[in-house]
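Please read the following account alongside the sequence and the model.

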Amino acid sequence: MKDNYRISSIFGIPLELHVSFLLLLLFFLVYSLITLNPGPFIYIVMLFATVTLHELSHSLVAMRYGVKISKITLLPFGGIAAMEEIPRNPRKELAIAIAGPGFNFAVAAVTLLLLAAIGEAGRIFPFFDMRIAEPVDLLSLFFKINLLLGAFNLFIPALPMDGGRVLRSLLAFRLGFSAATEIATGIARMIAIFMALLGAFMPNLWLIFIAFFVYIGATQEGEVSKVHLMLSGLKVRDLMSADVVAVDEDITLEEFAEIMFSKKHMGYPVVRDGRLVGIITFSDLSRVPREKWPSTRVGEVMTKRLLTISPEEEASEAFMRMARAGVGRLLVVDEGRLIGIISKTDLLRTLELMRLMRD
Ligand code: ZN
């Protein structure tokens with residue numbers, strides 16, 4: 001099963017639904033149909049709308065700072081706007097982090113004013129009663145969902161949740177990005193462990209789910225920050241391998257396998273008449289059954305999406321780009337000419353070496 005399902009695109013940003021949210025939507029739909037009570041389904045659709053607005057607010061502020069958003073993934077308790085790069089400028093990170101909950105609070109305030117205007121503000125009590133008895137309860141429910149989602153994301157100071165980003169950026173004003181990240185990820189992991197224990201004790205599956213999400217997210221943030229720090233000052237040119245062996249798109253996989261065994265690289269650019277048309281890797285080869293190798297051409301199984309990087313880019317940027325695209329290597333292209341390949345293995349080897357030399 002896939003983790004995420006693309007549903008639409010807004011302001012040019014692909015919108016994806018995490019499988020947990022999809023299952024929840026279906027579950028509530030079926031539940032509402034069986035019980036002939038539309039309440040639960042309305043509730044979940046409102047949550048969906050609220051989470052979407054929340055993530056869009058983050059994204060629009062980020063885009064104003066020139067940060068590209070590659071996609072938005074919606075989870076039941078919030079979303080993830082995958083930014084091409086989280087700004088290492090605390091002021092920007094703070095503004096982006098506050099935008100999501102801030103918008104929810106603004107929506108909650110407007111909804112409450114509307115309720116007050118029609119003399120129904122008392123409808124919001126009891127607060128945790130989410131039933132829809134009359135149409136006006138829809139407004140009151142929308143108010144509660146926005147208030148809860150905003151508060152939940154802002155007031156839990158655990159990276160990668162918004163509160164954690166606020167904490168990290170506030171720390172970064174004084175301590176710098178790396179030290180701030182170290183402290184913030186440490187706090188986030190402690191909160192995650194506490195949440196998991198609380199979830200097991202209550203028992204509450206959601207809490208355990210969120211705890212996992214926070215723990216893994218915080219660990220990743222920490223790693224990205226460390227890689228950034230260690231690779232700072234190094235360029236792609238310094239770490240790429242320059243002896244590039246290109247293969248022709250018309251050779252068979254049998255021939256390609258031989259080249260692979262003799263050269264021992266894991267990825268090769270593919271050319272047609274000397275022009276770059278794709279990249280073929282060990283995993284592309286291994287997907288084709290052995291007996292089909294003599295009759296299959298490289299051009300048929302290669303990856304046509306060419307991910308390139310300039311030799312003058314920061315090495316850490318190459319690392320981020322590979323992580324985001326989920327690939328192991330980038331082609332290094334200088335003024336249209338292929339001059340090398342940089343792989344995750346190259347980067348990790350360098351990191352290992354630097355660690356050894358430091359100790
Ligand atoms: Zn958020």
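The model is predicted. Its chain is divided into three stretches: domain 1 covers residues 1-155, domain 2 covers 158-230 and domain 3 covers 236-358. Taken over C-alpha atoms, the centres of domain 1 and domain 3 are separated by 40 Å.

The hairpin is made by β1 and β2, with two residues between the strands. Strand β1 spans residues 4-10 and strand β2 spans residues 13-18; the two run antiparallel and are joined by six bridges. Within this pairing, Tyr5 has Leu17 of β2 opposite it. In the turn, Phe11 has a positive phi of about 50°.

The largest pocket comes next, with a volume of about 1,500 Å³. Its lining consists of 45 residues, of which Ile80, Ala82, Arg165, Gln220 and Glu221 are the closest to the centre of the pocket.

Which elements each supply at least two residues of this lining? Among the helices they are α2 (39-64), α3 (90-117), α5 (162-175), α7 (205-231) and α12 (315-325), and the strands are β3 (69-75) and β4 (78-83). Helix α7 gives the largest share of the lining, with eleven residues.

What is the make-up of the lining by class? The lining of the largest pocket holds 20 nonpolar residues, 13 polar residues and twelve charged residues.

Methods. Residues are numbered from 1 along each chain as its sequence is written. This is a predicted model: local features need pLDDT of at least 70, side-chain atom pairs count only at pLDDT 80 or more; totals for chains, interfaces and linings use all residues. Side-chain values use heavy atoms; hydrogens and water are left out. Two strands pair if DSSP finds at least two bridges between them. Helices (H or I, at least four residues) and strands (E, at least two) are DSSP runs, numbered from the N terminus. On a 1 Å grid over the protein atoms alone, a cavity is a set of points where a 1.4 Å probe fits but cannot get out, and a pocket is an open set with protein on both sides within 12 Å along at least five of seven lines; lining residues have an atom within 4 Å of a point. Grid points are joined across faces, edges and corners, and a volume is the space filled by probe spheres set on the points. Ala, Val, Leu, Ile, Met, Phe, Trp, Tyr, Cys and Pro count as nonpolar, Asp, Glu, Lys and Arg as charged, and the others, Gly among them, as polar. Domain bounds come from an automatic or database domain assignment.
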